[in-house]
Amino acid sequence: MAENAFSSQLNPTGNAPPRPRTGAVATEGSPLQESVLLELFDHLDDILQREDCDHTLRYSEAFLLGRPVDVEHTTAWLCRMGAHCDCEVLLNVARDVYSGFSTSA
Ligand SMILES: [Zn+2]
């Protein structure tokens, strides 16, 4: 009994591991470092103000190809996060990441 009360206090969800205190909840499982992910958002935000999304991840891929990351793994992760093209990276992934930040701010 006492042990249950204690562990539920440490870990209120009961099964998820304790989260790191960065607040970047949505980047859990990301193959990218948080700083790279934020750079990607900036990059896409910048490009998509000038160019239309062509419904592929071409700008994301071009960005990732210049970095020491696993591009295929990363685009697969983006798809799992709901981003099947560059504008969806901003719409779906960036939104979740930033809402993760704001909960800790
Ligand atoms: Zn798009």
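Start with helices H2 and H3, which are oblique to each other, since angles under 35 degrees count as roughly parallel, over 145 as roughly antiparallel, 65 to 115 as roughly perpendicular and the rest as oblique. The model is predicted: local features need pLDDT of at least 70, side-chain atom pairs count only at pLDDT 80 or more, and totals for chains, interfaces and linings use all residues. Residue numbers run from 1 along each chain as its sequence is written.

**Stop 1: the H2 and H3 pair**

Select H2 (34-50) and H3 (58-65). Their axes come within 10 Å and cross at roughly 135°. Axes here are lines fitted to C-alpha atoms, for helices over the stretch in contact, with angles from 0 to 180 degrees between N-to-C directions. Now show the side chains of Leu40, His43, Leu44 and Ile47 on H2, and of Tyr59, Ser60 and Phe63 on H3; these residues make the contact. Contact means C-beta atoms, placed from the backbone, within 7 Å.

**Stop 2: one face of H3**

Stay on H3. Pick out Tyr59, Ser60, Phe63 and Leu64: they are buried. A residue is buried if 20 or more other C-beta atoms lie within 10 Å of its own, exposed if 12 or fewer, and partly exposed in between, with C-beta atoms placed from the backbone. Look down the axis of H3. The buried residues fall within an arc of 135°, so they line one face of the helix. That arc is taken over the directions from the helix axis to the C-beta atoms.

**Stop 3: the core**

Next, select Leu78, Val89 and Val93. Of the 13 residues in the largest nonpolar core, these touch the most other members. Such a core is a set of buried Ala, Val, Leu, Ile, Met, Phe, Trp, Tyr and Cys residues joined through C-beta atoms within 7 Å. H2, H3 and H5 (86-104) each give two or more residues to this core. H5 gives the most, with 4 residues. Centre on Leu78. Beyond its neighbours within four places in sequence, Leu78 is in contact with Leu57, Ser60, Ala83, Val89 and Val93.

**Stop 4: Gln33**

Move to the loop between H1 (2-10) and H2, where Gln33 is found. Is Gln33 buried or exposed? Gln33 counts as exposed, because 12 C-beta neighbours lie inside 10 Å.

**Stop 5: the whole chain**

Zoom out. The chain has 5 helices and 0 strands. Helices (H or I, at least four residues) and strands (E, at least two) are DSSP runs, numbered from the N terminus. Buried residues make up 17% of the 105 residues.

Conventions: Contact = placed C-beta atoms within 7 Å.
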